[in-house]
Amino acid sequence: MSKMILRQLLILLSSLVILTFFTFGLTLFFPIESRFQLLDTTQAPDGLVEQYVSYIKHIITGDWGFSQSRGTDVLKEFFIYFPATVELVITALLLALSLGIPLGITAAQNKNKWPDKLVVSSTLVGYSMPIFWWGMLLVLFFSLSLGVTPVASRLGFEYDIIPVTGFMLIDTLLSDQPYAIEAFYDALHHLILPAIVLATIPLAIFTRVTRSAMIKVLASDYIRTAKAKGLSHGRIIWIHALRNAMLPILTIIGLQISVLITGTLITETIFSWPGVGKWLLEAVYRRDFVTLHAGLLATASLVIMINIAVELMSFYVNPKMRLQE
Amino acid sequence: MQLLRVENLSVTYHSSSGPLSIVERLSLKMDEGEILGVIGESGSGKSVFALSIMGLLSTKMVMRADYLNLDGEDLMKMSAMDRAVYVASKAAIIFQEPQASLNPCFTVSSQLDETLSIHQGGTRKNRRVRALELLDSVGITKPEILLKLYPHQLSGGMNQRVAIAMALACKPRLLIADEPTTALDVTIQAQILELLVNLSQSEKAGLMLITHDFALLSENTDRIGVIYSGQLMEHAATENILNSPRHPYTRALLDSVPQLGDRHVKGSRLFALQGQIPAMDQLPVGCRLGPRCPKAEKQCVNKPELLSVENHGKVRCHLAKPSPTVKKPLEQEEQ
């Protein structure tokens with residue numbers, strides 16, 4: 001077990017090192033004044049190796065340069081926008097999982113009957129839909145026609161909430177303002193549409209993966225044994241079958257998190273969500289290379305770390321892998 | 001006392017090209033403590049028959065029966081829910097692949113404990129004691145260690161012992177063993193078989209031994225039913241079947257058991273029945289064995305009925321001489 005954790009940590013470290021090779025390579029194409037922010041001196045050191053060492057020093061000490069358009073410390077700025085994105089991504093992920101897994105299970109149980117066909121064809125539609133178009137449609141319908149959800153941002157301007165954690169749902173509840181609960185519901189209203197849009201593609205994929213994994217598991221001998229033992233239907237499905245189907249689902253969760261983070265670029269722009277995605281897209285318009293570099297490095301390291309974490313979790317779920325060591 | 005009474009049990013599989021009859025009007029009886037052998041080649045429907053008694057058929061298969069009595073209750077009169085609970089408390093089944101029939105994600109202890117908590121209840125401590133007892137009774141020497149292990153850490157024979165212990169957890173009146181030794185080593189086969197027979201005798205439970213291997217049935221069973229293509233072909237006491245098989249199919253199965261040592265005649269070839277079991281949508285006219293039968297005659301294009309043969313049992317063959325007095329189908333009479 002400890003050997004395996006060590007191995008995963010080594011993989012994590014080497015992935016991060018390779019990532020810095022890549023980001024360092026990108027800085028070589030930056031305009032000279034952007035580039036010098038990530039190196040020690042106002043003058044570039046002689047060789048590439050010295051430059052790389054100097055670059056790494058900057059990255060490790062947290063000196064990631066100053067935004068060219070705003071003049072602020074990009075790393076600090078990243079952490080201002082980051083909680084909004086995390087809030088959105090986690091909500092979307094939970095939404096996709098809490099709908100996708102039951103839908104997949106229902107489809108698997110009714111294989112080739114109408115519930116299954118309905119689920120399979122709608123996931124295909126969900127998967128193929130361009131999400132910016134889907135987001136626009138939802139805004140048109142729910143925000144403009146029905147008027148039930150706001151169009152943009154995280155919170156109505158009438159509420160004054162002091163950021164503590166950066167997560168609006170938590171901050172509103174922590175707030176000692178008299179309208180704290182109202183503000184919480186308002187934040188929820190703001191969150192729901194972007195989360196739905198962002199969750200659409202992962203939802204389709206989770207549903208399909210759950211379905212195929214469950215179909216395979218439900219046909220297995222040990223499920224027949226569980227039935228013969230007289231276990232209740234719910235226990236067979238949710239404990240005996242799902243535990244075995246969890247492995248492919250976990251793997252796909254790890255992969256989908258990077259899809260979610262990429263998706264925030266579009267979703268946050270559609271809904272004017274003040275998160276990392278919108279921040280990065282604006283940096284592109286402004287040719288703000290230092291900001292772009294910081295966003296790239298931070299999100300990429302995050303995705304790598306999440307994937308390693310998921311890998312460790314799948315070791316935990318599968319006793320065969322866990323006990324191999 | 002009668003333990004199991006199956007009358008005219010049929011299983012239909014609803015395939016995309018129409019319904020197919022997998023098991024056709026099968027009737028069997030078992031008494032308490034009796035050991036019944038069910039034999040037939042792959043695809044004959046013997047496993048489906050076992051699953052239909054347990055109510056474990058896939059949703060595409062439909063079972064019908066005039067009677068399906070298990071330990072005094074008619075299963076056909078129960079709702080699906082009641083039936084599942086009742087069957088699980090009265091009968092248990094052991095499958096062919098021991099490794100696959102245990103859940104790979106849970107330890108032996110949690111799988112045994114789960115079964116015990118359904119059928120027996122009691123505190124966790126009591127259940128643990130009972131689990132150790134069960135493992136001990138299936139011949140596992142260090143049950144404490146075994147409880148912590150996962151199925152993939154055990155050998156096939158050990159897994160089958162665990163599966164048997166799990167089956168015994170509900171104190172079953174009927175134990176169905178569906179090819180319990182096919183996936184095991186020959187040396188382990190005998191041990192597992194002996195274990196099953198001893199357990200059924202000590203618990204006074206009926207044992208239905210399903211196999212394709214006559215060698216397993218010859219010593220242990222009281223009666224044997226021979227199934228071919230979903231039909232009961234011959235059903236008689238073990239000694240009658242072994243010594244004077246009346247059905248050409250039974251004869252063929254017996255002849256195809258290899259002989260070793262002195263009994264083997266050098267240069268002789270092992271008997272094999274020609275052809276293969278017909279697909280269920282392409283059954284031959286008349287007797288289902290017809291095209292493969294070494295003794296087939298003209299009259300075999302007519303459907304044979306399962307008839308009683310004097311001093312033997314029941315045979316579905318035109319060539320077996322039925323007893324002169326009784327000339328009605330088996331399904332209506334008592335043996």
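This note goes through the predicted model of chains A and B point by point.

1. Basis of the model. Residues are numbered from 1 along each chain as its sequence is written, and chains are lettered from A and ligands numbered from 1 in the order in which they are written. Because the model is predicted, local features need pLDDT of at least 70 and side-chain atom pairs count only at pLDDT 80 or more, while totals for chains, interfaces and linings use all residues.

2. Overall content of chain A. Chain A has 13 helices and zero strands. Helices (H or I, at least four residues) and strands (E, at least two) are DSSP runs, numbered from the N terminus. Along the sequence the pattern of chain A is α-α-α-α-α-α-α-α-α-α-α-α-α. Taken along the principal axes, the C-alpha atoms of chain A fill a box of roughly 75 × 55 × 40 Å.

3. Record annotations on chain A. An unreviewed UniProt entry gives "domain: ABC transmembrane type-1" for residues 82-314 of chain A. UniProt positions are in the numbering used here, feature names are shortened, and annotations may be inferred rather than shown by experiment. In the model, residues 82-314 of chain A are 80% helix and 0% strand, and the end C-alpha atoms of this span lie 27 Å apart. UniProt (unreviewed entry) also places the feature "transmembrane region" at residues 9-32, 78-103, 124-148, 187-206, 245-271 and 291-317 of chain A. Among them, residues 9-32 of chain A are 83% helix and 0% strand, with end C-alpha atoms 35 Å apart. Residues 78-103 of chain A are 100% helix and 0% strand, and their end C-alpha atoms lie 36 Å apart.

4. H4 and H5 of chain A. Two packed helices are described by the angle between their axes and the distance between the axes. Helix H4 (residues 74-109) and helix H5 (residues 114-128) of chain A pack at about 135 degrees, with axes 7 Å apart. Axes are lines fitted to C-alpha atoms, for helices over the stretch in contact, and angles run from 0 to 180 degrees between N-to-C directions. H4(A) and H5(A) are therefore oblique to each other; angles under 35 degrees count as roughly parallel, over 145 as roughly antiparallel, 65 to 115 as roughly perpendicular and the rest as oblique. Leu103(A), Thr106(A) and Ala107(A) of H4(A) make the contact with Pro115(A), Asp116(A), Val119(A) and Val120(A) of H5(A). Two residues are in contact if their C-beta atoms, placed from the backbone, lie within 7 Å. By class, the contact of H4(A) with H5(A) has five nonpolar, one polar and one charged residues. Ala, Val, Leu, Ile, Met, Phe, Trp, Tyr, Cys and Pro count as nonpolar, Asp, Glu, Lys and Arg as charged, and the others, Gly among them, as polar.

5. H4 and H8 of chain A. The axes of H4(A) and helix H8 (residues 180-218) of chain A come within 6 Å and cross at roughly 35 degrees. The residues of the contact of H4(A) with H8(A) are 24 nonpolar, five polar and two charged.

6. H10 and H11 of chain A. Helix H10 (residues 233-270) and helix H11 (residues 276-285) of chain A cross at roughly 90 degrees, and their axes come within 7 Å. That makes H10(A) roughly perpendicular to H11(A). On the H10(A) side are Thr264(A), Leu265(A), Thr267(A), Glu268(A) and Thr269(A), which meet Val276(A), Gly277(A), Lys278(A), Leu280(A) and Leu281(A) in H11(A). This contact of H10(A) with H11(A) divides into four nonpolar, four polar and two charged residues.

7. Domains of chain B. Chain B is divided into domain 1 (2-233) and domain 2 (245-260 + 270-332), with bounds from an automatic or database domain assignment. Taken over C-alpha atoms, the centres of the two domains of chain B are 28 Å apart. In chain B, 20 residues of domain 1 are in contact with 17 residues of domain 2. On the domain 1 side, E2(B) gives the most, with five residues. That side of domain 1 has nine nonpolar, eight polar and three charged residues. An unreviewed UniProt entry lists "domain: ABC transporter" for residues 4-254 of chain B; this span is 39% helix and 27% strand.

8. Contact between the chains. The contact takes 21 residues from chain B and 16 residues from chain A. Helix H2 (80-90), strand E7 (91-94) and helix H3 (108-119) of chain B each supply at least two residues of the side that touches chain A. H2(B) gives the most to that side, with four residues. The side of chain B that touches chain A has 14 nonpolar, six polar and one charged residues.
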